[in-house]
Amino acid sequence: MDPVCDVLVIGGGIAGLSLVSELAGRRSGGSGVVLAESEPVLAHHTSGRSAEQLTPSYGPPPVRELTALTVAALLDPRPAPPRPLAWPSSKVLVGTVDQLRAESAPGTQELSRAALVELCPELACSPAELVQAGRLDTSSVRTDAAALVAWHRDRAAAAGVRILTGAPVTALDADDGGFTVTAGPHRLRARRVVDAAGAWADGVASLAGAAPLGLRPLRRTAALVRLAKPLAPDHPMVVAADHRWYYRRHGDGALVSPCEAVPSEPCDALPVAEDVEDLVAILNAVTSLGITGVVRAWTGLRTESPDGVPVCGFDPDVPGLLWLAGQSGYGFQTSSAMARAAADLLLEDAVGPWCSPGTAAALDPARFRR
Ligand SMILES: Cc1cc2nc3c(=O)[nH]c(=O)nc-3n(C[C@H](O)[C@H](O)[C@H](O)COP(=O)(O)OP(=O)(O)OC[C@H]3O[C@@H](n4cnc5c(N)ncnc54)[C@H](O)[C@@H]3O)c2cc1C
C-alpha cells in the first residue's frame with residue numbers, strides 16, 4: 001500500500017520550508033507532514049537567489065502587514081538558532097520628490113538631498129534633478145537566506161517532517177479521500193496538498209485538475225561587484241524609486257540589481273550579460289561607487305499573482321489543495337507570516353486573529369475565480 005500522509009508540501013523553497021517549520025512548531029508537530037522538492041538540494045531556485053532584505057514599507061498593504069509580522073518573528077526566533085536569522089539594516093529610496101511621494105509609507109522618514117548625501121556620500125555626484133531626496137526605512141532588516149533555510153529544515157526534520165529531495169511531483173490525482181502522488185521514485189497518498197512550487201505553481205495545481213491563477217514568473221538579476229572603496233558597515237541599501245537599480249554593501253564589494261521584470265517560462269533562469277554591463281555603467285554614472293568588476297551574477301524568477309498580492313488559501317474547486325504562491329519580490333519578507341496563515345488554514349480552517357481580516361481575505365485564491 002502507498003504510505004499515507006496528512007499534508008504533502010510541494011516545493012522546497014522558502015515558502016514550503018517556512019510552512020513545514022511552522023507546522024513542526026504547532027501542537028500536532030511534524031509527523032504526517034512530507035515535503036517534496038524536485039531538485040537534489042533545497043532552495044535551488046528563487047529562494048537561493050534573493051537580495052535577503054525585508055522591508056516593512058515595501059509592497060502593497062497586505063504585504064506590509066505580513067512583512068512587519070515576519071520581521072518580528074525573525075528578530076526573535078524560537079528556538080534560538082546558532083547564528084542570527086535577521087539584523088537591522090536600513091533601506092533608503094532615492095528619486096524625485098514626486099516619485100517618493102507616491103512611495104510614502106508609515107514609519108519612513110523623508111530626507112532632503114543634503115541629508116541623503118550625508119548618509120550616502122557616493123550620491124553627491126548624482127544628477128540633482130533625478131536624485132532630489134530620499135525616504136529612509138530604519139525598520140528594514142537583512143536576513144541570511146542560507147541560515148534561515150537551514151533553520152527551517154532542521155526544525156522540521158527534528159519534529160519528524162520527511163523531506164524528500166530529487167522528488168519532482170509529476171502526478172497528483174485527486175479523489176474523495178485526498179490525492180495519489182508520484183514524487184520522483186516515491187508514490188504516496190496525501191489527505192491535503194500544499195502547492196508551494198514557486199514559478200511552477202500553476203502547472204503543479206493543474207496536475208490536480210485546478211484552473212491556473214495566472215501566475216507570472218518574472219526574471220530578475222543580481223550581481224556581486226568589486227568597489228574602488230568599500231561602503232561603511234552600516235551603509236543602507238539604496239534603491240532607485242523608479243525601480244531601475246539598487247545596491248547594498250556586501251563585504252568589501254556590493255550586491256547590485258538592474259531590477260528587471262522580464263516575463264519567463266518557469267525554468268532555471270540565467271543572467272543576460274548586457275543587463276549587468278548596462279547596470280554597472282549606470283551605477284558608475286550616477287554614483288561614485290567606482291565599480292571595478294563583476295564577481296558573479298545570477299538570476300531568479302519572482303512569480304507574481306495577477307493583483308500583485310501573494311496567494312494563500314484552499315482552491316475553491318479542488319478540495320484539499322492549498323495554494324502558497326505568488327510571493328513575487330516579497331517571498332522572504334512575508335515568509336513567516338504566510339507560513340502561519342497556511343498552517344492556520346490546514347489546522348484550524350481559518351486565518352488569524354493575529355493578522356487583520358482584510359489581509360487574510362486578500363490572500364484568498366478565490367478572488368481570481370469570481
Ligand atoms: C534577484 C532577486 C532578489 C530578490 N530579493 C528579495 C528580497 O530582498 N526580499 C524578499 O523578500 N524577496 C526577494 N526576492 C523574492 C524571493 O526570493 C521569492 O519571493 C522567494 O524565494 C519565493 O520562494 P518560493 O519558495 O515561493 O519559490 P522557490 O524558491 O522557487 O521554490 C519553489 C520550489 O518548488 C520546486 N518545485 C517546482 N515544481 C515542483 C514539482 N513538480 N515537484 C517538486 N518540487 C517542485 C522548485 O524546484 C523550487 O525549489 C528576490 C528574488 C530575486 C530573483
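Is Cys259 buried or exposed in this structure? Cys259 is buried, with a relative accessible area of 9%, where buried means under 20% relative accessible area, exposed means over 50%, and partly exposed covers what lies in between, all with a 1.4 Å probe and protein chains only. Before I go on, please keep in mind that this is a predicted model, in which local features need pLDDT of at least 70 and side-chain atom pairs count only at pLDDT 80 or more, while totals for chains, interfaces and linings use all residues. Residues are numbered from 1 along each chain as its sequence is written, and side-chain values use heavy atoms, with hydrogens and water left out.

Let me stay with the cysteines for a moment. A disulfide is a covalent bond between the sulfur atoms of two cysteines, and the criterion applied here is a pair of cysteine sulfur atoms within 2.5 Å. By that criterion, a search of the whole structure finds zero disulfides.

Most residues other than glycine have a negative phi, and most peptide bonds are trans. Cys259, however, has a positive phi, near 60 degrees, and is found in the loop between β16 (253–257) and β17 (262–263); helices here are DSSP runs of H or I with at least four residues, strands are runs of E with at least two, and both are numbered from the N terminus. Ala43, which is not a glycine either, has a positive phi of about 55 degrees; this residue lies in the loop between β2 (33–36) and β3 and is buried, with a relative accessible area of 14%.

As for the peptide bonds, a cis bond joins Arg78 and Pro79, with omega about -5 degrees, and Pro79 has its place in the loop between α2 and β4 (86–88). Another cis peptide bond joins Gly352 and Pro353, with omega about 10 degrees, and Pro353 sits in the loop between α8 (335–348) and α9 (357–362).

Turning to the helices, which residues of α2 and α8 meet? Leu66, Leu69, Thr70, Ala73 and Leu74 in α2 meet Ser335, Ser336, Ala337 and Met338 in α8, where contact means heavy atoms within 4.5 Å. The axes of these two helices come within 6 Å and cross at roughly 100 degrees, the axes being lines fitted to C-alpha atoms over the stretch in contact, and the angles running from 0 to 180 degrees between N-to-C directions. The two helices are therefore roughly perpendicular to each other, on a scale where angles under 35 degrees count as roughly parallel, over 145 as roughly antiparallel, 65 to 115 as roughly perpendicular and the rest as oblique. By class, the contact of α2 with α8 has six nonpolar, three polar and no charged residues; Ala, Val, Leu, Ile, Met, Phe, Trp, Tyr, Cys and Pro count as nonpolar, Asp, Glu, Lys and Arg as charged, and the others, Gly among them, as polar.

Helix α1 (residues 14–25) packs against helix α5 (residues 145–158) at an angle of about 40 degrees, with the axes 8 Å apart, and that makes α1 oblique to α5. Among the residues making this contact are Ile14 and Leu17 of α1, and Leu148 and Trp151 of α5. The residues of the contact of α1 with α5 divide into eight nonpolar, four polar and three charged.

I will finish with some individual positions. Gly59 lies in the loop between β3 (53–54) and α2 (61–75) and counts as buried, at 14% relative accessibility. Leaving aside neighbours within four places in sequence, Gly59 is in contact with Arg64 and Tyr330, and its C-alpha atom is separated by 8.6 Å from that of Val309, 250 residues apart along the chain. Ser126, in the loop between α4 (113–119) and β7 (133–137), is buried too, with a relative accessible area of 4%. Leu207, by contrast, lies in helix α6 (residues 201–207) and is partly exposed, with a relative accessible area of 32%. Not counting residues up to four places away in sequence, Leu207 touches Val169, Thr170, Ala171 and Leu172.
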